[in-house]
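Please open the model in a viewer and keep the selection panel at hand.

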Amino acid sequence: MDTDLAILLAIAAVWIAAGLVVEGLPQLRTARPLRRRTGLLLALVGSGLAGLAGVLLAGLVEAEPTLADRTAVGLALPAVPAVVVAAVTVRRLRQLWVGAGAFARAPETPAPPALRAAAAHPMIALPVQVTGLVMLPALVTATGLVPLTSPGMIGVVLTAAVLAVGTIGVRHALRHSRLVERAVTVRSRSSRTAGVLHV
């Protein structure tokens, strides 16, 4: 196997793994696993960002044709959501990791509903999963099975990407909304209970 292709496969595998990990974050009901899984996700996202940036930079500084040169169209797609991951998602993940740490001293401490709602925020899951998804055109281009440099293929890829992003975004928005509503309900019940106890 070509070394460049192996590197690209490794980067894609990291992003796909990150997409799978982020999918399960809101389903964790105790704080310690939530903190541990968030730490794993931070490591995967950091590795994915470093790998993607390294490949793109190598294409700029190397005189000979590199992976970045041969898969320029494919790598341009994941670069866009990767920038969002670096600018927005990493900060939210750090906040989630710190927040879960405040409740993770005891092994079975339940994760507060507000923390689970934060874990389900679309700006955590959506950019990570979209980056992994749009790594696939880069893999297809690198293998040479289907050239993605023709205008027709670029249009097909962009259309598919827009539809996939819309579907994933709506799904995460609905889940986040449901968990936020549950957190508000729990908070209002707690407030009423506290009011009754103080009467």
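Is Val22 buried or exposed? Val22 is buried, because its relative accessible area is 0%, where buried means under 20% relative accessible area, exposed over 50%, and partly exposed in between (1.4 Å probe, protein chains only).

**Before continuing**

This is a predicted model, in which local features need pLDDT of at least 70 and side-chain atom pairs count only at pLDDT 80 or more, whereas totals for chains, interfaces and linings use all residues. Residues are numbered from 1 along each chain as its sequence is written, and side-chain values use heavy atoms, with hydrogens and water left out.

**The whole chain**

Display the protein as a cartoon. There are 8 helices and 0 strands; helices (H or I, at least four residues) and strands (E, at least two) are DSSP runs, numbered from the N terminus. Along the sequence the pattern reads α-α-α-α-α-α-α-α. Of the 199 residues in the protein, 39% are buried. Among contacts (heavy atoms within 4.5 Å) with a separation of 6 or more, 81% are between residues 24 or more positions apart.

**Val22 and its surroundings**

Return to Val22, which is found in helix α1. Not counting residues up to four places away in sequence, Val22 touches Leu41, Ile124, Ala125, Val128, Gln129 and Arg175. Now select Leu42: its C-alpha lies 9.9 Å from that of Val22, and the two residues are 20 apart in sequence.

**The pairing of α1 with α6**

Select α1 and α6 together. Their axes come within 8 Å and cross at roughly 150°; axes are lines fitted to C-alpha atoms, for helices over the stretch in contact, and angles run from 0 to 180 degrees between N-to-C directions. The two helices are therefore roughly antiparallel, given that angles under 35 degrees count as roughly parallel, over 145 as roughly antiparallel, 65 to 115 as roughly perpendicular and the rest as oblique. The crossing of α1 past α6 is left-handed, that is, the near helix is turned anticlockwise from the far one by less than a right angle (clockwise would be right-handed).

Show the side chains at this contact. From α1, select Trp15, Ile16, Ala18, Gly19, Val22 and Glu23; from α6, select Ile124, Ala125, Val128, Gln129, Thr131 and Gly132. These contact residues divide into 7 nonpolar, 4 polar and 1 charged. Here Ala, Val, Leu, Ile, Met, Phe, Trp, Tyr, Cys and Pro count as nonpolar, Asp, Glu, Lys and Arg as charged, and the others, Gly among them, as polar.

**The nonpolar cores**

Next, select Leu25, Leu34, Leu41 and Val45. These residues have the most contacts inside the largest nonpolar core, which has 31 residues. A nonpolar core is a set of buried Ala, Val, Leu, Ile, Met, Phe, Trp, Tyr and Cys residues joined through side-chain atoms within 4.5 Å. Two or more residues of this core come from each of α1 (3–24), α2 (31–61), α4 (72–101), α5 (113–119), α6 (122–133) and α7 (135–143). Apart from it lies another core, of 7 residues, including Leu77, Val130, Val134 and Ile168. In soluble globular proteins, nonpolar side chains tend to be buried together.

Centre the view on Leu34. Beyond residues up to four places away in sequence, Leu34 touches Leu25, Leu28, Leu96, Ala100, Ala111, Leu115 and Ala119.

Which residues does Thr38 touch? Not counting residues up to four places away in sequence, they are Leu25, Leu93, Leu96 and Trp97. Thr38 lies in helix α2 and counts as buried, because its relative accessibility is 0%.

Move to Arg92 in helix α4. At 25% relative accessibility, Arg92 counts as partly exposed. Arg92 touches His121, Met123 and Ile124, residues up to four places away in sequence not being counted.

Select Leu5 in helix α1, which counts as buried at 17% relative accessibility. Ala138 is 133 residues from Leu5 in sequence, yet their C-alpha atoms are 9.7 Å apart.

Finally, select Leu174 in helix α8 (residues 151–198). Leu174 counts as exposed, because its relative accessibility is 56%.
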